[in-house]
Amino acid sequence: MRGGKSKAVASRKDADKVAGKRKAAGDEDKKAKRGKVSKDANKPKRPPSAFFVFMEEFRKTFKEKHPDNKKVSVVSKAGGNNWKSMSEAEKAPYVDKAAKRKAEYEKSMALYNKKQSEEVEGEGSDKSKSEVDDEEDGDEEEEEDEE
């Protein structure tokens with residue numbers, strides 16, 4: 001057989017495909033067992049860094065100068081190059097703004113964490129009120145059965 005594939009090569013490929021499907025199915029099972037961690041909507045968002053504070057302003061000015069540009073990558077590259085070429089003195093206002101936002105974030109996180117700890121402490125025991133009531137009802141029934 002010239003140029004043809006041997007049966008061994010074909011069967012190996014088939015075996016790899018089947019093994020790949022088995023792996024994928026196993027990964028899905030692991031993810032299902034762990035469950036998805038839900039995000040708390042009340043948790044404050046992390047503050048942007050100095051670069052992202054700069055990019056907020058830069059996007060506005062870039063859009064005014066280049067209204068026909070629709071690519072995000074072009075804006076990002078131009079902003080990155082501009083940030084790299086700036087001196088520390090030019091970056092200082094953005095660093096200050098980022099520091100202020102971080103301070104606000106830390107305050108809001110402290111309040112958030114305080115609320116979370118109060119909610120956990122307020123829960124009391126692990127049993128819900130209905131479970132406690134059920135146990136009390138069960139004790140009365142047992143007493144009646146004993147008589």
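Rings of Phe, Tyr and Trp (the six-membered ring of Trp) are paired if their centres lie within 6.5 Å; planes under 30 degrees apart count as stacked, planes over 60 as edge-to-face, and the rest as tilted. By this criterion, the structure holds 8 aromatic pairs. The model is predicted, so local features need pLDDT of at least 70 and side-chain atom pairs count only at pLDDT 80 or more, while totals for chains, interfaces and linings use all residues. Residues are numbered from 1 along each chain as its sequence is written, and side-chain values use heavy atoms, with hydrogens and water left out.

The secondary structure comprises 5 helices and 0 strands. Helices (H or I, at least four residues) and strands (E, at least two) are DSSP runs, numbered from the N terminus. The order of elements from the N terminus is α-α-α-α-α. Of the 147 residues in the protein, 12% are buried. Here, buried means under 20% relative accessible area, exposed means over 50%, and partly exposed lies in between (1.4 Å probe, protein chains only). Areas were computed with the Shrake-Rupley method, and for residues only the protein chains shown count as cover.

Among the aromatic pairs is that of Phe-54 and Trp-83. Its geometry is tilted, with 5.2 Å centre to centre and 40° between the planes. The pair links distant parts of the chain. Phe-54 lies in helix α2 (residues 50-65) and Trp-83 in helix α3 (residues 72-85), 29 residues apart. Both Phe-54 and Trp-83 are buried. Phe-54 also pairs with Tyr-94, in an edge-to-face arrangement. The ring centres are 5.3 Å apart, and the planes form an angle of 80°. This pair, too, links distant parts of the chain: Phe-54 in helix α2 and Tyr-94 in helix α4 are 40 residues apart. Phe-54 counts as buried because its relative accessible area is 5%. Tyr-94 is buried as well, at 12% relative accessibility. One aromatic cluster is formed by Phe-51, Phe-52, Phe-54, Phe-58, Phe-62, Trp-83 and Tyr-94.

Charged contacts were examined next. Side chains of opposite charge can pair when their charged atoms come close. A salt bridge is assigned where a side-chain nitrogen of Lys or Arg lies within 4 Å of a carboxyl oxygen of Asp or Glu. The structure holds 2 salt bridges. One joins Arg-101 to Glu-56, with the closest N and O atoms 3.2 Å apart. Arg-101 in helix α4 and Glu-56 in helix α2 are 45 residues apart, so the pair links distant parts of the chain. Arg-101 is partly exposed, with a relative accessible area of 32%. Glu-56 is also partly exposed, at 34%. The other bridge joins Lys-97 to Glu-57, and the closest N and O atoms are 3.1 Å apart. Lys-97 belongs to helix α4 and Glu-57 to helix α2, 40 residues apart. Lys-97 is partly exposed at 38% relative accessibility, and Glu-57 at 36%.

A patch of negative charge on the surface gathers Asp-40, Glu-118, Glu-119 and Glu-121. Patches are made of residues with over 30% relative accessible area and no salt bridge; like charges are joined within 9 Å, and nonpolar side chains (Val, Leu, Ile, Met, Phe, Trp, Tyr) within 5 Å. Asp and Glu count as negative, Lys and Arg as positive; His and the chain ends are not counted. Each charge is placed at NZ of Lys, CZ of Arg, CG of Asp or CD of Glu. Glu-119 is located in helix α4 (residues 88-122). Its relative accessible area of 49% makes Glu-119 partly exposed.

Note on methods
Accessible areas come from the Shrake-Rupley method with a 1.4 Å probe; for residues, only the protein chains shown count as cover.
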